[in-house]
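Dear colleague,

I am handing over the structure below, and after it you will find an account of what turned up when I went through it. Please read the two side by side.

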Amino acid sequence: MSTAEQQPEAASPSTPDALLGASDIRELAAALGVRPTKQKGQNFVIDANTVRRIVRTAEVRPDDVVVEVGPGLGSLTLALLEAADRVVAVEIDDILAAALPATIEARMPARRDRFALVHSDAMLVTELPGPAPTALVANLPYNVAVPVLLTMLDRFPTIERTLVMVQAEVADRLAAKPGNKVYGVPSVKANWYAHVKRAGSIGRNVFWPAPNVDSGLVSLVRRSEPIKTSASKAEVFAVVDAAFAQRRKTLRAALAGWAGSAAGAEAALVAAGVSPQARGESLTVEEFAAIAENKPAAERPAL
């Protein structure tokens with residue numbers, strides 16, 4: 001990392017020890033009786049340089065309202081508060097949710113009024129306090145990363161920019177392009193909402209406990225215009241799910257159930273300009289939308 005890249009960290013408005021280090025994380029966890037569990041996908045970031053790098057890569061601006069899912073003990077939360085106008089953290093864990101406001105008060109009291117906590121499962125959140133969020137930045141639990149990401153993008157259309165840290169394999173799938181062997185359902189559905197790309201890798205030693213897998217950063221910039229299609233999101237996603245449920249089959253075979261018959265699937269594919277012999281991994285989200293538009297009329301549900 002170059003000296004120039006490090007300069008924003010030196011200019012931080014917070015006190016030098018405001019962010020949490022390894023010993024701070026362990027002390028906090030011990031005081032709360034918290035033991036990270038695989039069941040909850042808990043791996044706490046213990047390196048201040050890493051969370052600042054995440055904030056920098058996310059291009060968080062002074063006027064941003066950032067929503068963070070799974071703040072844990074507050075490592076990334078504090079770094080976000082340094083850079084954003086407001087931070088709303090969504091935490092499902094009772095103990096962690098109860099402790100986070102005190103951590104903000106103790107380490108960054110000047111920003112406490114710019115912080116809000118939502119104690120809930122992110123999958124159940126339908127509204128957030130304060131101004132509408134403009135960015136999503138999160139270290140997502142590996143076991144729920146994709147559904148949480150897609151749900152947040154769907155429910156909060158004002159989120160323009162997203163940067164998530166996920167398992168490296170998940171990062172590769174989200175950012176994969178058509179034709180890539182890991183291109184699949186997460187790739188297509190993420191592309192429905194945003195332009196997606198890999199934004200870096202994160203080593204295992206910045207976490208406590210260290211996970212058994214590497215992590216990756218994924219950047220999602222919301223499309224300025226939605227996909228042009230007369231089909232609904234649900235109709236398009238139904239095609240995507242069907243295509244990849246049997247990804248080794250040709251689309252004519254894989255979409256037979258969706259279309260009512262193999263012949264119906266072939267007719268929809270031909271009408272959409274897609275080869276019936278193609279496979280789902282070769283199609284763009286726009287092509288999936290075109291197929292959805294051409295579902296046999298008798299099979300399309302009344303809207």
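**What was found**

Val-236 is a residue of helix α9, where helices (H or I, at least four residues) and strands (E, at least two) are DSSP runs, numbered from the N terminus. Please bear in mind that this is a predicted model, in which local features need pLDDT of at least 70 and side-chain atom pairs count only at pLDDT 80 or more, while totals for chains, interfaces and linings use all residues. Residues are numbered from 1 along each chain as its sequence is written, and side-chain values use heavy atoms, with hydrogens and water left out.

With a relative accessible area of 0%, Val-236 is buried, a word that here stands for under 20% relative accessible area, with exposed meaning over 50% and partly exposed in between (1.4 Å probe, protein chains only). Apart from its neighbours within four places in sequence, Val-236 is in contact with Trp-192, Ala-231, Phe-288, Ala-289 and Ala-292, contact meaning heavy atoms within 4.5 Å. Between the C-alpha atoms of Val-236 and Arg-248, which are 12 residues apart along the chain, the separation is 20 Å.

**The chain as a whole**

The protein chain holds 13 helices and nine strands. Its radius of gyration, taken over C-alpha atoms, is 21 Å, close to the 19 Å that the globule rule (2.2 Å times the number of residues to the power 0.38) gives for 303 residues, so the chain is as compact as a globular protein of that length. Along the principal axes, the C-alpha atoms fill a box of roughly 65 × 40 × 35 Å. Of the 303 residues in the protein chain, 49% are buried, and among the contacts with a separation of 6 or more, 71% are between residues 24 or more positions apart.

The chain exposes about 14,100 Å², of which carbon and sulfur atoms supply 52%; these areas come from the Shrake-Rupley method with a 1.4 Å probe, and for residues only the protein chains shown count as cover. There are 33 positive and 33 negative side chains, and the centres of the two sets lie 5 Å apart. In that count Lys and Arg are positive and Asp and Glu negative, while His and the chain ends are not counted, and the place of each charge is taken as NZ of Lys, CZ of Arg, CG of Asp or CD of Glu.

**Helix α8 and its surroundings**

Helix α8 (residues 185-193) has eight of its nine residues buried, so it is largely enclosed by the rest of the structure. The buried residues of α8 pack against α6 (145-155), α7 (168-175), β7 (194-202), β9 (215-222), α9 (233-245) and α13 (285-293). One of them is Ser-187, which has a relative accessible area of 0% and, leaving aside neighbours within four places in sequence, is in contact with Arg-173, Leu-174, Ala-176 and Val-182.

**Aromatic pairs**

Searching the whole structure gives five aromatic pairs, where rings of Phe, Tyr and Trp (its six-membered ring) pair if their centres lie within 6.5 Å, and planes under 30 degrees apart count as stacked, over 60 as edge-to-face and the rest as tilted. Phe-44 and Trp-208 form a tilted pair, with 6.3 Å centre to centre and 35 degrees between the planes. This pair links distant parts of the chain, since Phe-44 is in strand β1 (residues 44-45) and Trp-208 in strand β8 (residues 207-208), 164 residues apart. Phe-44 is buried, at 6% relative accessible area, whereas Trp-208 is partly exposed, at 21%.

Tyr-193 and Phe-237 make an edge-to-face pair, 6.4 Å centre to centre with 80 degrees between the planes. It joins helix α8, which holds Tyr-193, to helix α9, which holds Phe-237, across 44 residues of the chain, and both residues are buried. Ring pairs also link Tyr-183, Phe-244 and Phe-288 into a cluster.

**Two further residues**

Glu-91 is placed in strand β3 (residues 86-91) and counts as buried at 5% relative accessibility. Beyond its neighbours within four places in sequence, the contacts of Glu-91 include Gly-70, Pro-71, Leu-117 and His-119.

The C-alpha atoms of Ala-83 and Ala-297, 214 residues apart along the chain, are separated by 51 Å.

With best wishes
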